[in-house]
Amino acid sequence: MNKPTIDEILAAKPEARPRIYAYAIADDAHAGLLKIGQTTRSVKGRVAEQLKTAAIKNYTIELDEPAEREDGTFFTDHQVRAALARKGLANHELEWMRCTVADVLTVLTELRTGKKLDGTRAQTHRMREEQAEAVRVTHDYFVSRWAEDMHAVPRFLWNAKMRFGKTFASYQLARKMGAKRVLVVTFKPAVEDAWQSDLEGHVDFAGWQYLSVKTGGDPTQIDRKKPVVYFGSFQDLLGRDARGNIKPKNEWLHAENWDLVIFDEYHFGAWRETAKELFAGEEEEISREEERLDNAKKLKDRIADLQQPLESETEFLPITTKAYLYLSGTPFKALATGEFIEEQIFNWTYTDEQRAKAAWAAKHPGQWNPYGSLPQMRLLTYQMPDELVAVASSGEFDEFDLNEFFSATGTNSAAQFTHKSDVQKWLDIIRGQYAPSTVESLKSGMRPPFPYSDVRLLPYLQHSFWFLPNVAACHAMANLLNEKHNTFWHDYKVIVAAGATAGIGLEALPPVRNAIGSGFDSKTITLSCGKLTTGVTVAQWSSILMLRNLKSPETYFQAAFRVQSPWSIKNPNGDDPNEEEVLKPVCFVFDFAPTRALRQLSEYGIGLSPSEPNPENAVKDLVSFLPVLAYNGAVMAQIDAGSILDIAMAGTSATLLARKWESALLVNVDNDTLRRIMDNPEAMAAVERIEGWRALGDNIIETIINKSEKVKALKSKVKAGGATEKEKKELTEEEKEYKSKRKLVQEKLIKFATRIPAFMYLTDFRENTLQDVITKLEPDLFLAVTGLTVKDFHLLVRLKVFNTEQMNQAVFAFRRYEDASLRYTGIESHQDLTHYGLYDTVVAKE
């Protein structure tokens with residue numbers, strides 16, 4: 001016998017692994033059938049080889065999965081077909097089965113795990129790293145609270161943007177807790193499909209029961225031995241009859257002892273709105289919120305009302321539970337006002353998502369990226385020509401007022417823009433057809449990328465969303481786009497998703513989907529003033545035009561993220577079900593009021609990172625994944641975080657910046673904070689030295705706490721139906737009085753805070769933190785300006801009476817603006833200054 005050669009001795013180990021595949025043929029003879037086989041070679045090559053002799057080309061490979069168990073053993077295609085037959089699925093001929101891909105995936109999971117599954121549970125994916133982390137930290141927090149107090153009912157917030165996978169991760173948290181009774185409450189009943197499909201489609205939840213009004217059935221007859229999830233809307237669960245009693249159909253729910261209650265789409269303060277507001281259209285909802293933000297006094301009062309945390313959810317949802325989980329993509333007010341402390345929050349933001357996408361691509365080159373289909377956003381802002389700005393400018397800095405520019409009157413076909421000729425010019429501008437702009441472009445030698453003219457942008461405007469001020473403006477825009485002379489726009493199907501004729505909530509969605517179709521051959525423009533801006537996924541939308549004033553970054557980016565939904569094709573060539581072709585790698589936000597847009601961006605970046613001491617770092621982190629291009633009327637250039645902050649500050653003034661020190665967010669007047677003051681004699685003595693405090697009367701803090709507790713007790717009695725008319729009247733009076741007193745306390749604390757800008761003007765120190773300047777360098781000056789000693793102020797900060805994160809932002813904005821203003825006049829405030837001192841931290845100037 002010949003000796004083996006060295007090459008034979010060192011032969012490479014074969015890489016073959018057995019795989020199960022399934023393919024379909026698109027003809028009548030094979031309708032509803034799947035061919036199920038196995039191979040150790042390339043599935044694509046094996047199937048092509050099989051069908052080559054029959055010259056069959058109209059096939060699709062539907063499934064390509066490993067045929068191995070976790071213990072290293074294998075199963076065969078014979079076992080797969082036998083398992084399908086045991087489920088009652090017909091073996092049509094040889095290897096052809098009359099079944100679905102979901103059926104095959106369910107059988108594969110059973111063969112891998114050895115567990116028989118109920119229904120069709122095709123999903124086997126595990127949690128992504130960030131989902132597992134959310135479950136871990138939340139569970140650890142719950143366990144720690146129960147260890148301290150076995151009767152505690154802990155609360156936790158997931159600040160998670162869309163596409164985080166909140167339903168799946170929430171169920172995994174319930175599973176880790178060993179929960180048997182889970183209640184999901186939402187303001188948006190349309191999200192039910194995700195909650196139901198995730199529970200019924202994944203192998204991890206085999207045996208779990210799903211109930212809701214939609215599924216029907218008698219909830220009192222559920223299998224008590226198996227876990228159950230009940231999904232309900234806030235409106236339905238809180239609904240009562242004319243006598244104020246709980247609806248009979250919901251009585252079982254209030255008698256149940258729940259293990260976990262999940263509040264979906266939770267936004268700060270929303271749970272205190274009246275039932276009437278819950279049913280209002282989205283346009284009115286946004287208008288109300290913007291109106292509140294317009295009125296500084298109303299906003300201050302509103303924050304005072306909302307600043308008192310939800311001491312007991314049973315106040316508005318009378319149920320018993322072991323823990324609460326809150327889900328929201330934009331809980332900035334909850335974060336800013338401290339409704340949840342740091343250890344009660346898990347964050348997964350846009351920047352986290354895009355960072356994970358880039359990290360995965362670098363770590364696994366050439367492999368499928370689980371974040372790959374999530375497009376990166378780009379913001380493009382355009383300075384409008386002076387003649388258009390002059391038509392609609394407002395405010396101290398004559399900013400372009402989008403609400404005024406696009407103001408309209410009339411309804412439906414009679415709707416017209418107030419400044420119709422100027423809106424027509426704007427339409428010409430965004431097409432790159434406005435003569436004066438063309439001349440400027442020729443002079444500068446650069447043609448700016450206007451949305452509907454640049455060939456690089458046009459593909460992303462095939463399906464766009466235009467966000468307008470009101471219903472009249474939406475109809476007026478549709479009428480203008482359809483006029484005979486606007487031939488360019490006639491290629492686009494214009495859908496008006498606004499007003500009563502568009503339907504309530506999701507009723508406005510089907511016409512949009514019908515107009516878009518597959519998205520490849522159609523071109524659409526959806527006009528809205530609020531509808532379809534939350535809780536809606538239209539994959540083909542790739543751009544949004546911001547054509548209205550929005551003062552809150554929550555509303556702005558909630559609308560902007562509508563266009564960040566992924567659009568991709570799984571198995572694009574029909575020969576590899578593990579392949580994905582991304583059709584929307586990026587998406588665009590177009591804004592025509594640059595200063596306001598960049599102010600929104602900076603506030604959003606800072607809001608995403610409330611604990612980041614340097615606001616510029618927070619914005620820098622955001623724009624590293626959200627590039628910004630700004631057109632100033634001559635050239636278009638990418639701008640960095642520092643420039644964004646400079647431009648955002650340029651649209652303000654020292655007066656407006658000083659108003660940051662009048663913000664209700666700077667001070668905390670909730671019961672817990674007031675109790676800390678009351679329990680500390682030195683703190684009580686300090687607040688009594690604040691100007692005007694004694695005028696509030698004796699024992700003001702104790703009165704507020706006692707009255708709020710009394711109101712709480714009376715409300716419970718009213719809800720239970722046992723209150724007399726006298727007690728109801730007393731409730732109204734007591735509630736009005738304690739809220740009034742709380743606002744008075746808040747106003748005195750804010751009045752003290754407004755002295756700090758004056759101190760900043762007078763002090764000559766810039767590199768030291770304001771805290772150091774106050775406590776170490778100029779304590780006598782601080783006492784003279786504010787009326788409080790350094791010791792007093794330090795104690796109140798330690799008791800969380802003042803919000804240091806908000807102070808940092810206010811100092812940063814103030815000093816940046818002050819130095820920028822002086823530089824504009826040719827003055828350098830402090831030569832060779834390299835750092836700014838904020839309240840309790842120092843940041844680099846550049």
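Modeller: The secondary structure comes to 34 helices and 30 strands. Helices here are DSSP runs of H or I with at least four residues, strands are E runs of at least two, and both are numbered from the N terminus. Bear in mind that this is a predicted model, where local features need pLDDT of at least 70, side-chain atom pairs count only at pLDDT 80 or more, and totals for chains, interfaces and linings use all residues. Residues are numbered from 1 along each chain as its sequence is written, and side-chain values use heavy atoms, with hydrogens and water left out.

Biologist: Why is L374 called buried?

Modeller: Buried means under 20% relative accessible area, exposed over 50%, and partly exposed in between, with a 1.4 Å probe and protein chains only. L374 has a relative accessible area of 6%, so it counts as buried. Of the 846 residues of the protein, 51% get that label.

Biologist: Where is L374, and what is it in contact with?

Modeller: L374 is in the loop between α14 (350-363) and β15 (376-382). Contact means heavy atoms within 4.5 Å. Leaving aside neighbours within four places in sequence, L374 is in contact with R163, E353, Q354, K357, Q564 and P566. As for S565, L374 is 191 residues from it in sequence, yet their C-alpha atoms are 6.7 Å apart.

Biologist: What makes β21 and β28 edge strands?

Modeller: Two strands pair if DSSP finds at least two bridges between them. The open sheet of eight strands runs β21-β22-β20-β23-β26-β15-β27-β28, with mixed pairing. β21 (493-496) and β28 (636-638) each pair on one side only, and that makes them the edges.

Biologist: How do you know that β27 and β28 pair?

Modeller: Strand β27 (residues 628-631) and β28 share three bridges in the antiparallel sense, and the definition asks for at least two, so they pair.

Biologist: Which residues of α29 are buried?

Modeller: Among them are L731, E734, E735, Y738, R742, V745, Q746 and L749. In general, an α-helix has 3.6 residues a turn, so residues three or four places apart point the same way.
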